[in-house]
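Colleague: I should like to go through this protein with you step by step. May we begin once the sequence and structure are in view?

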Amino acid sequence: MASFVFAAGALAAAQATQAGVCDAQFMHDGGAVQLTGTGNLALGADLNFAEVSKTNGDNCRARVRGVATFSYAGLPPGKSRLDYLMTVKSGQATFVRYATAGEAPRPSEGQFDLRMLGLFAYDGQLSQGQKLPGSSFRLKIGKEAPVGGQPTTTVRIGEKTVGKKMSLDTALGKQSCHPITYSRDTTPTMATFQGLTLPIPGMNTTVTDWYCPAVNLVMKQDIDQGGVKSAVEITQIK
């Protein structure tokens, strides 16, 4: 579940004069981010960054380790350890399991992507009323992604609309942030939790990413599933 609930879509192109994703506050040896979820979808992660090397704001790499946690609509809670090599080239982030970092990722099979936690969803300047393209992709739900079982699901993200900047209280203080709203749907599947195979229903949700340009991060994500509200936000960062 945690492997697809936070799918945030494609990165916008960054201009060379603007701070890139590699300039995020946590992108250094010893950097850390904690994401906390509330509501029907209680999802979160504790991520630690090491072996960081940078060329500039749009090109870097780092080892990302941590733990993803999740619970959904009364299903048994789950937890999974993460260990990935993240590579950012021209502002585009890709991830492979660290143990197989010498292997090319196989997008057709699906893989964990840190953008799903809302950290690298956008890059560069945005303006009110701007439209950003949607996307569709498959993600693995298995030991190679942060849940149990082996099936995959398809995630469909609709066109995104950038709203007017608003003030938002965050773990980094008060920020001026764009609300970016879009639809996010997933197909039904099955997953195994602690040896028990359970159906995972498809989800039709409306998502709002709160992107704060000054810190180049999505500091909060609101999720509306038929009037049932959930949220995930960065609660600690260093």
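Colleague: Which residues does Ser230 touch, not counting residues up to four places away in sequence?

Modeller: Ser230 has its place in strand E16, which spans residues 228-237. Leaving out residues up to four places away in sequence, Ser230 touches Gln221, Asp222 and Ile223, and also Thr38, Gly39, Asn40 and Leu41.

Colleague: Is Ser230 buried or exposed?

Modeller: The cut-off for buried is under 20% relative accessible area. The relative accessibility of Ser230 is 7%, and therefore Ser230 counts as buried.

Colleague: Where is Glu51 found, and what is its relative accessible area?

Modeller: Glu51 is found in strand E2, residues 41-56. Its phi is near 55°, a positive value in a residue other than glycine. Glu51 is partly exposed because its relative accessible area is 43%.

Colleague: Asn216 has a positive phi too; where does Asn216 lie, and what is its relative accessibility?

Modeller: Asn216 is not a glycine, yet its phi is about 55°. Asn216 lies in the loop between strand E14 (203-212) and strand E15 (217-225). Asn216 counts as buried, since its relative accessibility is 8%.

Colleague: Which ring does the charged end of Lys160 sit over, and which that of Arg63?

Modeller: The charged end of Lys160 is 4.5 Å from the centre of the ring over which it sits, that of Tyr182.

Colleague: How many helices and strands does the protein have, and what percentage of its residues count as buried?

Modeller: The secondary structure comes to one helix and 16 strands. The protein has 238 residues, and the part that counts as buried is 52%.

Colleague: Which element has the lowest mean pLDDT, and which the highest?

Modeller: The protein as a whole has a mean pLDDT of 76, and 72% of its residues reach 70 or more. Among the elements, helix H1 (residues 2-5) has the lowest mean pLDDT, 32, and the highest, 96, belongs to strand E10 (residues 166-170).

Colleague: Where is pLDDT below 50, and why does this matter for reading the coordinates?

Modeller: Where pLDDT is low, the predicted coordinates should not be read in detail. One such stretch has 76 contacts in the model beyond near neighbours in sequence, with pLDDT below 50 over residues 1-18. Another has 31 contacts beyond four places in sequence, and there pLDDT stays under 50 over residues 142-149.

Methods: Residues numbered from 1 in each chain as written. Predicted model: local features only at pLDDT ≥ 70, side-chain atom pairs only at ≥ 80, totals over all residues. Heavy atoms only, no water. pLDDT = per-residue confidence, 0-100. Helix = DSSP H or I, 4+ residues; strand = E, 2+ residues; numbered from the N terminus. Contact = heavy atoms within 4.5 Å. Buried < 20%, exposed > 50% of the residue type's maximum accessible area, 1.4 Å probe, protein only. Lys NZ or Arg CZ within 6 Å of the ring centre and 35° of its normal.
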